[in-house]
Amino acid sequence: MSVTLTEKAASEVKRIIEEQGNGQELVLRVGVQGGGCSGFSYSLNFDSETSERDRVAEFHGVRLAIEKKFDPYLDGTIIDFIDDLGRRGFAFNNPNVTKSCGCGSSFQV
């Protein structure tokens, strides 16, 4: 798997799934989409299905699905969850990024 989910991020994902009260087994789908001031932005969604186009792995009880076409953009990325006074949210530590915007929500590779 080209992407890793930290234990803290996995705990937050499980909390969100429980809070939403969705009874079906969900995977966290990670992707890349065009947009933002630097060209690309990350996408995080829940999905109930995977396909042969996906790489699927489990981290700390959370199943993660990523379409193989995103490997060049996400290879080696670690997804963490930050919860402090200055910021709360998922953080992407992506070694492929050559440039990112000031707010950190978009990037170039």
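Residues are numbered from 1 along each chain as its sequence is written. The model is predicted, so local features need pLDDT of at least 70 and side-chain atom pairs pLDDT 80 or more, while totals for chains, interfaces and linings use all residues, and side-chain values use heavy atoms, with hydrogens and water left out.

**Sheet and helix**

Helices (H or I, at least four residues) and strands (E, at least two) are DSSP runs numbered from the N terminus. Two strands are taken as paired if DSSP finds at least two bridges between them. Strands of a sheet pair through backbone hydrogen bonds, either parallel or antiparallel.

β1 and β6 run parallel and are joined by three bridges; Leu5 stands opposite Ile79 in β6. Strand β6 (residues 77-83) pairs with β7 in the antiparallel sense over six bridges, and the two form a hairpin with four residues between them. Ile79 also stands opposite Phe92 in β7. Contact means heavy atoms within 4.5 Å.

Ala91 lies in strand β7 and is the bridge partner of Asp80. The C-alpha atoms of Ala91 and Phe81, ten residues apart along the chain, are separated by 5.8 Å. Not counting residues up to four places away in sequence, Ala91 touches Ile78, Ile79, Asp80 and Ile82.

Glu12 is placed in helix α1. Leaving aside neighbours within four places in sequence, Glu12 is in contact with Phe81, Arg88 and Phe90. The side chains of Glu12 and Arg88 make a polar contact (3.3 Å). A polar contact is a pair of N or O atoms within 3.5 Å; within protein, one must be able to donate a hydrogen and the other to accept it, and residues adjacent in sequence count only if both atoms are side-chain atoms.

**Aromatic pairs**

Rings of Phe, Tyr and Trp (its six-membered ring) pair if their centres lie within 6.5 Å; planes under 30 degrees apart count as stacked, over 60 as edge-to-face and the rest as tilted. The count by this rule is three aromatic pairs. Among them, Tyr42 and Phe92 are stacked because their ring centres are 3.9 Å apart and their planes are at 0°. This pair links distant parts of the chain, with Tyr42 in strand β3 (residues 40-47) and Phe92 in strand β7, 50 residues apart. Phe81 and Phe90 have ring centres 5.0 Å apart and planes at 70°, so that pair is edge-to-face.

**Accessibility**

Buried means under 20% relative accessible area, exposed over 50%, and partly exposed in between (1.4 Å probe, protein chains only).

| Residue | Relative accessible area | Class |
|---|---|---|
| Phe81 | 6% | buried |
| Glu12 | 10% | buried |
| Ala91 | 15% | buried |
| Tyr42 | 16% | buried |
| Phe92 | 21% | partly exposed |
| Phe90 | 23% | partly exposed |
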